[in-house]
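Dear colleague,

I am passing on the structure below, and after it you will find my notes on what came out of the analysis. Please read the notes with the coordinates open beside you.

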Amino acid sequence: MCDYGGFEGDISEDILVRQAADLLDQWGEGETEINLSCLGSFFDDREVSPKARREILGEIAKREHIQLLGVESRANDVSEAKVREALSILGIGCCLEVGMGLESVNDFVRNVCVNKGLPLRRFERAVETIGKCGAHAVGHVLFKPPFLTEAETISDAIATITYLDSLQVRRIVLMVANVKHGTLLGELYDHDFYRPPWLWSVLKTAMDIPRSARDRLLIYGFRCGLPMTATGHNCPKCSQTIIELLEQFSGTGNHEHLYTASHIDCPCKTQWRVELDTDDLPPLPTRILTSLDCIEAGYERLSLRISDDLSAQMDAR
Ligand SMILES: [Zn+2]
C-alpha cells in the first residue's frame with residue numbers, strides 16, 4: 001500500500017545529495033523543523049548509501065536554523081552505529097526523530113495483511129536503540145490496512161496507538177491509508193474489496209485513545225507527492241471541512257479541532273454507523289483468501305483474453 005520499492009531507476013549519490021541541498025535551500029530560515037522523506041528507509045544502505053547519508057546530514061548540519069530533523073526508516077535498518085553517526089554529524093544544535101512504521105500491534109494484521117515482516121520485539125529494540133543514542137522514536141500506525149473492516153480498523157488502531165504510547169515514543173503518526181495505483185490496495189479498491197477509511201472512524205479513534213496518546217498524535221495521509229486514486233473520506237458535503245480540521249489539529253496539537261470535527265452533523269454519519277455495525281462478514285483469513293482469489297481470477301480472465309486476441313491476430317495473418 002505504500003511507495004516502498006515502487007521506484008525503479010538509478011540516482012547517483014551526487015545527484016541525491018544535490019537534490020537534498022537544493023530543497024534545503026528553499027526552506028526558509030524561519031522554519032526550524034524539517035522532515036526528510038525518502039521513498040522508504042533512510043537507514044537502508046541500498047536506498048541511501050552511507051556516503052550519501054553522511055553528506056545529506058552534513059548539508060543539514062550546515063544550516064544552523066534547522067533544530068529538528070525527522071527521517072523515516074524501517075525498524076530493521078536501525079542500528080546504534082547508524083543513529084550515533086547521524087547524531088554526531090548533526091551536532092548538538094539539531095535533534096533527530098526517527099519515524100518507523102509499526103502499522104499494527106497485531107501480529108496477524110502486521111505480518112499477514114500488511115506483509116510487513118517485522119517482529120514486535122524488533123520494533124521495540126529499535127525504539128530502545130534510538131532512545132539510548134539520544135534520538136527520538138516516532139511510531140507510525142496504518143489506519144485501515146487491507147482486508148480489515150471499518151470496526152476492526154478502529155479497534156486495531158486504538159490498540160496500536162495505546163501500545164506505542166506505552167513505549168513512550170515521542171510522536172505517534174496515524175497514517176490514514178490512501179490508495180495508489182499498482183499496489184495491493186489499488187487492486188482491492190478496483191475490485192470493490194476496499195474502501196478508504198471514513199473520517200468519522202479517524203475521529204472516533206482519536207477521541208477514544210488515552211489523552212496522553214492524543215497529545216502526541218499526528219494524523220496524516222491526505223497529501224502525497226505521488227498520484228493517489230482515493231484517500232480517507234466521508235461524503236462530498238463534509239469531507240473537506242473535516243480534513244482541514246484534522247490538518248489543523250496535526251499542525252497545532254490543539255484538541256479543539258478534533259472536538260469540532262466530531263460534532264459536525266452530517267447525514268453520512270448514519271451510513272457510517274450502519275457500516276460499523278455490520279458484523280455478518282466471514283472471519284478475516286477467509287476474507288483475505290476470497291478477495292485474493294477474485295483478483296487472481298480477474299487476471300486469469302485477462303490473460304486468457306489477451307492470448308485469445310493474440311491468436312486471433314496470428315490467424316488473421
Ligand atoms: Zn458527510
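Two strands are said to pair if DSSP finds at least two bridges between them, and helices (H or I, at least four residues) and strands (E, at least two) are DSSP runs, numbered from the N terminus. This is a predicted model, in which local features need pLDDT of at least 70 and side-chain atom pairs count only at pLDDT 80 or more, while totals for chains, interfaces and linings use all residues. Residues are numbered from 1 along each chain as its sequence is written.

The sheet

With that criterion, strand S4 (residues 136-143) and S5 pair in the parallel sense over six bridges, and His 140 has Val 173 in S5 as its bridge partner. These strands belong to an open sheet of six, ordered S1-S2-S3-S4-S5-S6 with parallel pairing. The edge strands are S1 and strand S6 (217-220), each of which pairs on one side only. Ignoring direction, neighbouring strands of this sheet are turned by 25 degrees against each other on average (axes are lines fitted to C-alpha atoms, for helices over the stretch in contact, and angles run from 0 to 180 degrees between N-to-C directions).

On the S6 side, strand S5 (residues 171-176) runs parallel to S6 and is joined to it by four bridges, with Tyr 220 in S6 as the bridge partner of Met 175. Five of the six residues of S5 are buried, so this strand is largely enclosed by the rest of the structure; a residue is buried if 20 or more other C-beta atoms, placed from the backbone, lie within 10 Å of its own, exposed if 12 or fewer, and partly exposed in between.

From S1 the chain crosses through helix H2 (residues 50-62) to S2, in a β-α-β crossover that is right-handed, which is to say that, with the strands pointing away from the viewer, the path from the first strand over the helix to the second runs clockwise. Asn 35 also lies in S1, and it counts as exposed because it has 12 C-beta neighbours inside 10 Å. S2 (residues 68-72) is largely enclosed by the rest of the structure, because four of its five residues are buried. S2 also pairs in the parallel sense with strand S3 (residues 95-103), over five bridges, and Cys 95 in S3 is the bridge partner of Leu 68.

Helices and a loop residue

S2, helix H3 (residues 80-90) and S3 make a right-handed β-α-β unit, as do S4, helix H6 (residues 150-166) and S5. H2 and H3 pack at an angle of about 35 degrees, with their axes 8 Å apart. In this packing Arg 54, Leu 57, Gly 58, Ile 60 and Ala 61 in H2 meet Ala 86, Ile 89 and Leu 90 in H3, where two residues are in contact if their C-beta atoms, placed from the backbone, lie within 7 Å.

Arg 74 is placed in the loop between S2 and H3, and it counts as buried because it has 21 C-beta neighbours inside 10 Å. Leaving aside its neighbours within four places in sequence, Arg 74 is in contact with Gly 40, Ser 41, Asp 44 and Met 100.

With best regards
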